[in-house]
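Reader: I'm new to this and I'd like to learn how to read a protein model. Could you walk me through one, feature by feature?

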Amino acid sequence: MSMIEIEGLNVWFGHGPDRVDAVRGASFSVARGESFGLVGESGSGKSTILRAITGLAPDWSGRVDIDGQALAGGKRDRAFFRKVQMVFQDPYASLHPRHSVDQVLSETLHLHGIPDIDARVRSLLDDVGLGGRFRFRYPHQLSGGQRQRVAIARALAGEPEILLLDEPTSALDVSVQAEILNLLTDLRAEHGLTYLMVSHDLPVIGHMCDRLAVMKSGEIVEVMDVGALRAMRAEHEYTRDLLAASVAPGPHSA
Amino acid sequence: MNLLDVENLWVKFPTRQGVVEAVRGISFSLGRERLGIVGESGSGKSMTGRAILRLIRPPGMIEADRIALEGQNLLDLSEKDMRTVRGERISMVMQDPKFSLNPVMRVGDQIMEAYLLHNKVGKAEARKRSLEMLDAVSIRDPERVMRAYPHEVSGGMGQRIMIAMMLIPNPQILIADEPTSALDVSVQRQVLNIMDDLVKQRGMGLIFISHDLNLVSEFCDRVLIMYAGRIVEVCDADKLHQATHPYTRGLLNSLPRLDQPRAKLEVLSRDPAWSEAPSVGGRA
Ligand SMILES: Nc1ncnc2c1ncn2[C@@H]1O[C@H](COP(=O)(O)OP(=O)(O)OP(=O)(O)O)[C@@H](O)[C@H]1O
Ligand SMILES: Nc1ncnc2c1ncn2[C@@H]1O[C@H](COP(=O)(O)OP(=O)(O)OP(=O)(O)O)[C@@H](O)[C@H]1O
Ligand SMILES: [Mg+2]
Ligand SMILES: [Mg+2]
């Protein structure tokens with residue numbers, strides 16, 4: 001059965017002349033334990049799809065089923081967040097500036113009713129490759145990559161079944177990226193997690209995902225499997241351009 | 001003369017757990033070129049950029065023998081003169097683009113305000129120029145984005161808005177901290193071309209901070225590789241793939257590749273000797 005089932009999803013913001021139809025008629029499904037990628041143009045609606053699922057973009061129509069349960073409107077209950085967690089694109093905005101790493105994680109664990117908080121905080125920090133010396137730091141005392149690791153630790157705290165990952169490693173250097181991607185790979189294998197992951201980095205999507213959807217101007221133009229991606233076999237013209245650009249030489253060799 | 005000369009730069013933060021040395025005695029120069037700074041998370045890239053502009057928040061401290069902009073030591077300037085340097089001569093695109101925009105002011109008003117500060121023109125002209133600038137960074141619906149608040153634009157749009165704004169004063173030096181990390185490849189290339197033109201045509205100096213090794217290798221002229229607050233290797237950008245330091249090799253090998261699928265990515269095994277070795281000089 002599919003874990004995420006999206007059918008004819010429209011998401012919009014504002015009204016009148018400022019109305020933005022950010023997502024139009026998007027459909028795809030993600031099987032339990034699958035890792036599904038969303039790629040495409042900047043501003044094409046990738047983050048908006050994740051935000052609609054988590055209730056952060058309340059104006060939407062269409063069908064969104066999570067583990068067989070239909071979602072409605074913009075309210076999500078506690079059980080939903082126990083099952084679904086999101087890692088945001090922007091590690092700066094997503095952490096409260098006056099909460100230390102320890103507070104962020106302890107409070108999240110407490111909220112989920114998880115016992116033995118002290119030991120869990122330590123193991124979460126270990127999992128994301130941050131040692132104990134970061135435990136009592138505040139967000140402004142961390143580099144961009146270190147913040148993103150805290151955000152990932154927070155998402156993992158409640159042991160969710162579905163992770164929505166919005167550019168989870170675009171703020172990270174390649175070695176930490178490798179560590180985080182390996183960690184995500186292990187977690188998925190060990191706990192049968194389901195991922196819906198946005199990235200503009202095609203090799204990252206190729207490494208992490210089984211299938212992917214390509215978006216342009218609010219619409220999904222193509223759903224393909226990773227084999228087709230690796231073989232650079234695309235149906236839609238935009239996807240072909242995207243693939244070509246990702247291997248084309250830069251200004252240096254021009 | 002070099003545009004910028006940095007000699008023995010240190011950035012230190014006293015914390016409850018002791019002093020964090022974010023940058024440890026690095027020296028490098030910048031000409032009218034594209035200088036890349038790469039290195040793992042926490043290696044001191046952003047703090048290096050911020051220190052040049054003296055933008056380290058207290059209790060953080062900057063120490064250096066000198067940070068000279070065309071021979072003028074920035075460490076000797078008053079805070080007032082430093083503001084002029086920041087406004088007119090050196091611009092920085094911060095790693096946290098949306099964070100540096102005013103959240104309660106429309107994007108268009110912010111761009112126009114910046115433009116009017118540097119150009120003696122009327123409002124209508126400023127508006128027209130602002131729209132053109134958004135268009136130049138491939139924002140599709142500039143009219144709407146002008147009316148939007150920062151939280152109403154996507155991650156990549158925020159980055160492009162910041163780049164457009166930072167180029168308004170026509171700076172001699174642009175420090176761009178992960179300026180394209182949220183952009184898809186095609187938009188990324190358009191933005192790089194804009195910066196490239198400024199270096200080639202107006203002789204701007206560009207410090208390009210990024211963790212994307214392929215991008216830096218293609219786009220920059222020289223690269224400094226940082227580790228634990230020091231420069232461990234300096235090389236010509238197009239020779240980055242032949243870099244010899246085991247840390248740089250490790251970074252290169254940890255990249256996923258479409259043509260070489262593998263179950264697990266290689267991760268760095270760090271050698272304590274890397275952080276003890278003295279910094280390599282980064283002068284051209
Ligand atoms: N709160 C909002 N109010 C108004 N418009 C919004 C809001 N959030 C997003 N948008 C608009 O919706 C469109 C899609 O944005 P979204 O953030 O989903 O793009 P994206 O595909 O994630 O892009 P990127 O790769 O740059 O992050 C954009 O045009 C954006 O300006
Ligand atoms: N206010 C502060 N107090 C204590 N330590 C700090 C503070 N600000 C930064 N640091 C530390 O300084 C080091 C260098 O930070 P910097 O932001 O320069 O890293 P970076 O190379 O830009 O990393 P990233 O790629 O993750 O952005 C990090 O280890 C960080 O934790
Ligand atoms: Mg986005
Ligand atoms: Mg940084």
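**Where the two chains meet**

Author: Let's start with the chains: 51 residues of chain B are in contact with 55 residues of chain A, where contact means heavy atoms within 4.5 Å. Before we go on, this is a predicted model, in which local features need pLDDT of at least 70, side-chain atom pairs count only at pLDDT 80 or more, and totals for chains, interfaces and linings use all residues. Residues are numbered from 1 along each chain as its sequence is written, chains are lettered from A and ligands numbered from 1 in the order in which they are written, and side-chain values use heavy atoms, with hydrogens and water left out.

Reader: How much area do chain B and chain A bury between them?

Author: The general idea is that an interface's size is often given as the accessible area lost when the parts come together. Here chains B and A bury about 4200 Å² between them, and 54% of that is on carbon and sulfur atoms. Buried area is the accessible area (1.4 Å probe) that two parts lose on being put together, summed over both. On the chain B side, B:Ser41, B:His211 and B:Leu258 lose the most area to chain A, together 17% of what that side buries.

Reader: How many salt bridges does the rule find across the interface of chain B and chain A?

Author: In general, side chains of opposite charge can pair when their charged atoms come close. The rule (a side-chain nitrogen of Lys or Arg within 4 Å of a carboxyl oxygen of Asp or Glu) finds three across this interface. One pair to look up is A:Asp186 with B:Lys264, whose side chains meet in a salt bridge at 3.0 Å, N to O. As for the residues on the side of chain B that touches chain A, they divide into 18 nonpolar, 14 polar and 19 charged. In this scheme Ala, Val, Leu, Ile, Met, Phe, Trp, Tyr, Cys and Pro count as nonpolar, Asp, Glu, Lys and Arg as charged, and the others, Gly among them, as polar.

Reader: And within one chain?

Author: Over all chains, a search of the whole structure finds 37 salt bridges. In chain A, the side chains of A:Asp210 and A:Arg188 meet in one, at 3.5 Å, N to O. That pair links distant parts of the chain, 22 residues apart: A:Asp210 is in the loop between α7 (202-208) and β9 (211-216), while A:Arg188 is in helix α6 (residues 174-191). Helices (H or I, at least four residues) and strands (E, at least two) are DSSP runs, numbered from the N terminus.

Reader: Why is the site of ligand 1 shared between chains?

Author: The site is shared because residues from chains A and B surround ligand 1. A residue is near a molecule if one of its heavy atoms lies within 4 Å of it. By that count 21 residues surround ligand 1, and the closest are A:Ser42, A:Gly43, A:Thr48, B:Arg144 and B:Ser154. A polar side-chain atom of A:Thr48 lies 2.5 Å from an oxygen atom of ligand 1, and a backbone N or O atom of A:Ser44 lies 3.1 Å from an oxygen atom of this ligand. The protein covers 90% of the 640 Å² of accessible area that ligand 1 has on its own; accessible areas come from the Shrake-Rupley method with a 1.4 Å probe, and for residues, only the protein chains shown count as cover.

Reader: Where does ligand 2 lie?

Author: Ligand 2 lies between chains A and B. Its 21 surrounding residues have A:Gly145, B:Ser41, B:Gly42, B:Lys45 and B:Ser46 as the closest. Polar side-chain atoms of A:Arg137 and A:Gln146 each lie 2.9 Å from an oxygen atom of ligand 2. From chain B, a backbone N or O atom of B:Gly42 lies 2.8 Å from an oxygen atom of ligand 2. Of the 650 Å² of accessible area that ligand 2 has on its own, the protein covers 94%. The shell has five nonpolar, 13 polar and three charged residues.

Reader: What about the backbone?

Author: Most residues other than glycine have a negative phi, and most peptide bonds are trans. A:Asp116 has a positive phi of about 60° although it is not a glycine. A cis peptide bond joins B:Pro58 and B:Pro59, with omega about 5°.

Technical notes. A polar contact is a pair of N or O atoms within 3.5 Å; within protein, one must be able to donate a hydrogen and the other to accept it, and residues adjacent in sequence count only if both atoms are side-chain atoms.
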